Amino acid sequence: MPIALPGLLQSNPLFDTTGEIKMNMLDAHERVPFRNGPFYRKHGLSAAMAAIGLTLALTSPSSRADAGTEAALREENARLRAEIERLRQTVEASPAARSVPPDGGAATADADAASAATPGGAAAQAAEDAPVELDAVVIRARNRLERLQDVPLSISAISGRELEREGAVTLGDITRRAANVQWNVGNARQSSLSIRGVGKQGQTDAMDPSVGVIVDGVNYAYGALSFADFIDVDAVEVARGPQGTLLGRNTTMGVVNITTRKPSFTPEAIFETTFGKNNTLIGKAVGGGAVIDDLLAWRGNFYIHKQRGDFRNENNDGTQSWPDINRMAGRAQILLTPTPDFSARVSFDIQPRNGQNDNGLTYYTQIPRHYANGESVPLSAAVNRAENALGRRWFTQQDSYSYAGDYLRAINYDNYQPLFTGSDGASAELNWTLGNHVLTAITAYKDFYFDARNDEGTPFDITLNNNTSVEYKQISQELRLSSQAGGALDYQTGLFWLKTRNRVLQKQEWGSDAGAWFASNAQYNALDANGEGRYLLDNSLNRLFRQQREYIHNQSIAGFGQANWHIGDKFTLTSGVRLTHEDRRTQSRRDVLRNGYGAELNPVAVNGVQLGGFDSDTTGELTSSALSSPDQLALANFTASKYFGVADYAALSAAQKQQIAHAKTLRRTQIGTLWLKSDGESFRKTQPALIFSPSYKINDDVTIYASWQYGEKAGIVQFTNGLPNNADPEKATAYEIGLKSALFNRSLILNAALFRTDLRDYQQSVQVVDPLTTQLTGETAYTSATGNVKHVQITGLEIDGAYGGIKNTTLRFSAAWNRAIYKDFTNSSAAPELANLGLPYLDQSGKSLPGAPRFTLSVGGEYRLPILGDKEFHASINHFYTTRQNLDNTLSEYGWQKAYHLTDLSVGFGRRDQSFDLNFVVKNLFDTHYNTGQSWASYTPGAPRWFGLVLKAKL
């Protein structure tokens with residue numbers, strides 16, 4: 001219930017129509033949840049606020065007879081605002097204001113624990129000894145400030161201060177603190193978020209993520225934008241289930257909503273430096289305050305992170321390491337509040353393009369000797385290329401390198417280059433208070449740059465320029481109208497527009513050793529027999545450069561609305577709908593950019609793309625078309641002269657012609673399929689998102705709810721070997737029943753949700769017919785591409801909790817039992833150990849999805865002990881556990897990662913006003929060995945133990 005205030009106060013702009021204090025006088029843009037917090041009830045803040053409000057009311061234009069000048073009024077308002085801020089800080093510094101990080105529904109334990117040192121005597125000490133009430137966590141998951149316990153959805157909340165204490169800045173760090181959320185590590189384009197086991201698979205540049213990310217109200221429509229360090233974070237909220245009726249755009253599995261700290265008129269300056277293992281140097285600087293009192297405020301932050309990796313490249317004496325870090329970012333914000341009813345916040349962020357080695361961390365293992373049915377695996381180039389090729393004379397001449405001694409034991413890259421990423425963005429958020437409504441407009445721009453250059457894993461000149469570059473841009477506009485909370489009905493409605501452009505360039509350049517690496521045994525044996533053949537083998541691929549370009553254009557236009565129908569004091573019905581019109585187009589082309597040393601070995605044309613070669617059969621004999629073409633015949637004669645010193649192709653021996661044929665076949669195979677620039681089959685459809693959720697408050701501390709949610713993810717406009725091959729939209733129907741409770745004088749928060757989600761046409765990698773190869777050969781051919789799985793089902797139980805009943809200690813926990821299985825998946829490609837069976841499709845129905853452990857657990861705690869007057873000792877810990885999971889997308893039996901634990905710890909000492917703090921942080925305390933990727937013949941190790949010292953100062 002809002003604070004009851006005299007009518008005189010109602011007219012003052014410091015209060016809204018209910019008499020509740022407006023946040024724009026305290027924190028510039030949000031309403032303070034004082035009336036919901038235990039500290040409000042414990043510290044008599046209501047009386048202080050009422051007194052200040054009365055003073056303001058008596059000095060307002062409507063109530064004063066001789067008020068003095070406008071300047072005097074503004075000066076008095078500024079003084080009173082400073083007093084409000086002082087009282088707020090005093091209140092938040094008390095033990096009753098402290099609570100746990102809100103994964104389980106409790107606020108973070110960041111406030112100053114100084115009540116014993118402040119006036120109050122026995123009362124203050126009694127308050128310190130009392131159990132901490134944890135029910136006042138406020139979240140923004142529905143675009144307004146609400147108590148977490150009042151929102152009928154499965155939501156976890158994590159405070160920014162908890163993340164700061166434990167050095168958690170990436171989504172991987174963040175998601176280990178919430179139930180049933182996982183960050184699937186790769187490079188920026190390959191990493192992904194999954195919720196309830198769904199979201200790992202099949203990330204492509206034209207595909208929407210199953211789990212959305214929103215930062216300060218701006219939807220990140222491209223998954224790669226999430227590959228960043230998040231600093232100066234206020235809170236992170238994970239909303240599970242289909243979203244779209246309020247948050248961002250349509251997603252099928254949920255949203256991670258990140259809110260950073262905004263400008264305020266209170267001066268602040270924070271400096272933080274970290275020194276740690278592997279030459280780690282991290283610097284942070286955050287500052288802000290008033291530029292013009294009551295009118296203009298600013299906030300800025302700067303971040304730099306440099307760190308060596310734990311894994312070395314043996315090719316350059318270990319000077320190149322994985323995953324090394326070289327990041328820099330900054331953000332500047334300006335807040336304008338010309339009137340109490342209007343505010344404008346403008347934000348600019350920049351991450352300059354920097355190179356770092358967070359791509360290509362792969363260790364190879366020996367390919368198993370037997371398939372699943374016991375049949376021997378052949379030592380052939382097609383199946384076991386590395387072991388086969390590295391045994392050839394071509395490569396054994398370098399006697400310092402061997403397959404068993406080097407390839408299987410170390411990273412040894414000669415042409416790897418750092419992965420370059422960069423991102424810039426800008427946004428403007430305008431808020432108008434219009435009577436009992438707030439109109440919000442968010443305009444935003446965001447871009448992303450990516451360039452990766454990979455290596456095949458040897459010190460030989462095989463891959464010169466195997467890379468992908470991305471230039472992505474998005475612009476969005478959202479208009480949202482929100483009614484005042486309370487009464488019989490409150491609602492939000494709005495419009496959303498998003499336009500994205502993505503240019504993707506994939507390049508492949510071969511080197512002088514590529515022919516000997518990619519040749520079949522028959523081709524290699526014939527060409528390595530003499531000098532002329534070795535010349536052909538060298539030139540077959542040397543400096544050949546192929547490129548593929550994609551132009552992806554997407555536009556979304558949506559209208560949405562959600563309402564809370566309050567039927568009596570205890571029952572609330574939430575309903576919402578969103579209609580999104582998707583318009584998606586993709587263009588693609590693949591051609592040869594440079595022919596390199598062996599242009600004469602080209603085919604005449606590939607799929608209509610002219611390459612200028614001459615036509616010959618598999619034995620090297622010229623075809624009739626070549627004999628009738630003067631240009632082709634002249635090129636054939638040139639080839640004979642270049643490699644064998646004869647002027648006439650017809651003068652070559654059968655063995656020599658066969659060598660040319662082998663070189664041409666080798667080159668043709670690596671060139672693969674080419675195609676001219678073409679348009680894909682566009683996707684245009686209006687897609688719905690729906691929610692229906694009743695909730696019932698049994699009493700002030702216990703609420704039960706149920707929800708039905710439906711959402712769709714747009715179809716994918718794509719190509720398979722140059723021909724259109726779209727994937728259908730993904731559709732999710734989710735059911736959930738839940739309990740939210742505050743027990744034992746609200747010192748224990750216990751929330752639980754039982755859920756089931758059915759995904760139809762789930763988008764991931766599947767086995768499809770290769771239309772072009774089938775067309776060219778006349779025989780049905782198959783390939784792997786992003787497509788649809790008919791039915792995936794997820795069922796499970798999630799529990800979030802927090803306990804604050806132990807003196808100086810707060811605890812939190814989250815756990816999830818999750819069963820994510822393929823209900824109907826008959827079009828899977830075969831795992832490598834089944835490749836010998838020649839199956840066009842494999843039925844994986846009934847199996848668990850990759851990256852979907854059956855059980856996960858996160859437990860954390862914090863202990864804060866006041867010592868030496870105004871100082872305190874503090875320690876916090878976070879422990880994460882997961883059962884085994886299959887990390888291979890084909891569900892290979894070699895892809896299983898066993899269960900493991902990860903523990904992060906921080907121990908520190910500092911002043912309770914946080915003006916100084918020294919913290920020792922350890923990540924992966926027990927140096928757990930685990931993999932983030934694992935398959936038939938390779939694995940990617942997870943990060944080993946890291947430790948560092950963090951020094952923080954606040955002015």
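**Ground rules.** I am working with a predicted model, where local features need pLDDT of at least 70, side-chain atom pairs count only at pLDDT 80 or more, and totals for chains, interfaces and linings use all residues. Residues are numbered from 1 along each chain as its sequence is written, and side-chain values use heavy atoms, leaving out hydrogens and water.

**Helix α15.** I looked up residues 630-644, the 15 residues of α15. Helices here are DSSP runs of H or I with at least four residues, strands are runs of E with at least two, and both are numbered from the N terminus. At 1.5 Å a residue (times one less than the number of residues) the helix should span 21 Å, and its end C-alpha atoms are 21 Å apart, which agrees.

Which residues of α15 are buried? I found Gln632, Leu635, Ala636, Thr639, Ala640, Tyr643 and Phe644; buried means under 20% relative accessible area and exposed over 50%, with a 1.4 Å probe and protein chains only. Down the axis, the buried residues of α15 fall within an arc of 145 degrees, so they line one face; the arc uses directions from the helix axis to the C-beta atoms. They pack against α13, α14 and α16 (contact is heavy atoms within 4.5 Å). On the other side, Pro630 and Asp631 are exposed. Just after α15, Gly645 has a positive phi of about 70 degrees.

**The sheet.** Next I checked an open sheet of three strands, ordered β17-β42-β41 with antiparallel pairing; strands pair if DSSP finds at least two bridges between them. β17 (363-364) and β41 (931-934) each have a single partner strand, so one side of each is left without a neighbour in the sheet. Three bridges join β41 to β42 (938-941), and Gly933 has Thr940 in β42 as its bridge partner.
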